[in-house]
Amino acid sequence: MLSVLCLILVLIYLYRNHLYNKLDRNKLSHSSYYDVTYGGERKCSGEVLRMLRDVGGYKKILVNWRYMENAEAFAADIIMIHETGIYVVEAKDYQGWISGNPEEEYWVQTLCASQLTSYKNYFYNPLLKNEACIARLQKELPDMKWLPYFSLAVFGNSCELENAGLSDNTSKIILARQLSYTIYGMVRSARKFLAPQVIDEIYDRLSVSGKVKSTGGRYSSIQAVSTWGRR
C-alpha cells in the first residue's frame, strides 16, 4: 500500500514538473519560477524615478532610503519631498497576476502554468511597508507633525494588477504607466505646504548616512540620491 502511495506521489510530481516545463516563462514572468520565488526582488525604481523627475514644483528625491533600529528595518525605494508633501514609493517589477487589498498583510502573485495549474508567491503588502516607513519618518521629524504624507505602490507594466484603483486620497495602487497622471492629480489637488528651505532641511535630515543615532538606530548608506529643483 505504501509503495502504491509513493508511486502516486512521484507521478503527481512528474506531471506538475512536466506542466511547469511547458510554461512560457518569457510571456508570463521573464524569469524561472525558482528565480521568482527565491531570487532577488525585481524593482522598477528607474522608470518611476524618470517620471517623478518631470513633476513640477520644487522637490528633492531620496532613493533607496533605509533605517535600522533594534534589528527592525524601515525602507522606501523612493521618497520625494515636494512642495505638496512627502511621497513614499514602493516600486515592484513583478510579473503575472497581482491581487490583494490595502488591509491584507500579504498580497499574492500568481503565475499560471496551464489552465489547471498555477504557482503563487506571497509578498508583504507594499502599502503597509510604506505605512511603517512613514511612521519612522514622522519620528525622525517630530517637530513637523503637520507634514502631509502620501503612499504609492507602483508595479511594472508587465503584470495584471487586480487591485489597481483600491486607493484613497493619500494612497495609490497603480501600474507604472499610470504614475504620471496619478501624481499630477495628487499634486494638483493638494495645497502647497513646504517652502524650498523646509524641503532642503528635510532632505538633509533624512539623507544622513552611516551615523549612529542616540536611540541606537542608524541610517544605512543611501545607494543613490537624486535631486531636482524648481522647473
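The predicted model contains an open sheet of 4 strands in the order β6-β5-β4-β8, with mixed pairing; strands are DSSP runs of E of at least two residues and helices are runs of H or I of at least four, both numbered from the N terminus, and two strands pair if DSSP finds at least two bridges between them. The edges are taken by β6 and β8 (160-161), each of which has a single partner strand, so one side of each is left without a neighbour in the sheet. Strands β5 and β6 run antiparallel and are joined by 7 bridges, with Tyr106 opposite Tyr124 in β6. Residues are numbered from 1 along each chain as its sequence is written. Because the model is predicted, local features need pLDDT of at least 70 and side-chain atom pairs count only at pLDDT 80 or more, while totals for chains, interfaces and linings use all residues, and side-chain values use heavy atoms, with hydrogens and water left out.

Thr110 is placed in strand β5 and, at 11% relative accessibility, counts as buried; buried means under 20% relative accessible area, exposed over 50% and partly exposed in between, with a 1.4 Å probe and protein chains only. Apart from residues up to four places away in sequence, Thr110 touches Gly96, Trp97, Ser118, Tyr119 and Lys120, a contact being heavy atoms within 4.5 Å. Tyr122, in strand β6 (residues 118-124), counts as exposed at 57% relative accessibility. When neighbours within four places in sequence are left aside, Tyr122 is in contact with Trp107 and Val108.

Strand β7 is mostly covered, with 7 of its 7 residues buried. Tyr149, Ser151, Ala153 and Phe155 point one way from β7, and Phe150, Leu152 and Val154 point the other way. In a regular strand the side chains alternate between the two faces of the sheet. Strand β3 (residues 85-92) pairs with β7 in the parallel sense over 7 bridges, and Val89 has Leu152 as its bridge partner in β7. Strand β9 (residues 171-175) also runs parallel to β7, to which it is joined by 5 bridges; here Ser151 has Ser171 as its bridge partner.

Aromatic pairs were counted where the ring centres of Phe, Tyr and Trp (its six-membered ring) lie within 6.5 Å, with planes under 30 degrees apart taken as stacked, over 60 as edge-to-face and the rest as tilted. The count comes to 9 aromatic pairs. One of them, Tyr67 and Phe74, is tilted, at 6.4 Å centre to centre and 55 degrees between the planes. Tyr67 and Phe74 are both buried. In another pair, Trp107 and Phe155, the ring centres are 6.2 Å apart and the planes are at 25 degrees, so the pair is stacked. This pair links distant parts of the chain, 48 residues apart, with Trp107 in strand β5 (residues 106-112) and Phe155 in strand β7 (residues 149-155). Trp107 and Phe155 are likewise buried, and together with Tyr94 and Phe123 they form one aromatic cluster. The ring of Phe74 also has the charged end of Arg136 over it, 5.9 Å from the ring centre; a charge sits over a ring if NZ of Lys or CZ of Arg is within 6 Å of the ring centre and within 35 degrees of the ring normal.

In helix α4 (residues 45-52), the residues Ser45, Val48, Leu49, Met51 and Leu52 are buried. Viewed down the axis of α4, the buried residues fall within an arc of 160 degrees, so they line one face of the helix; the arc is that of the directions from the helix axis to the C-beta atoms. Asn64, in strand β1 (residues 59-69), has a positive phi of about 60 degrees although it is not a glycine. Most residues other than glycine have a negative phi. At 13% relative accessibility, Asn64 counts as buried.

For the protein chain, the secondary structure comes to 7 helices and 11 strands. Of its 231 residues, 46% count as buried. Among contacts with a separation of 6 or more, 63% are between residues 24 or more positions apart.
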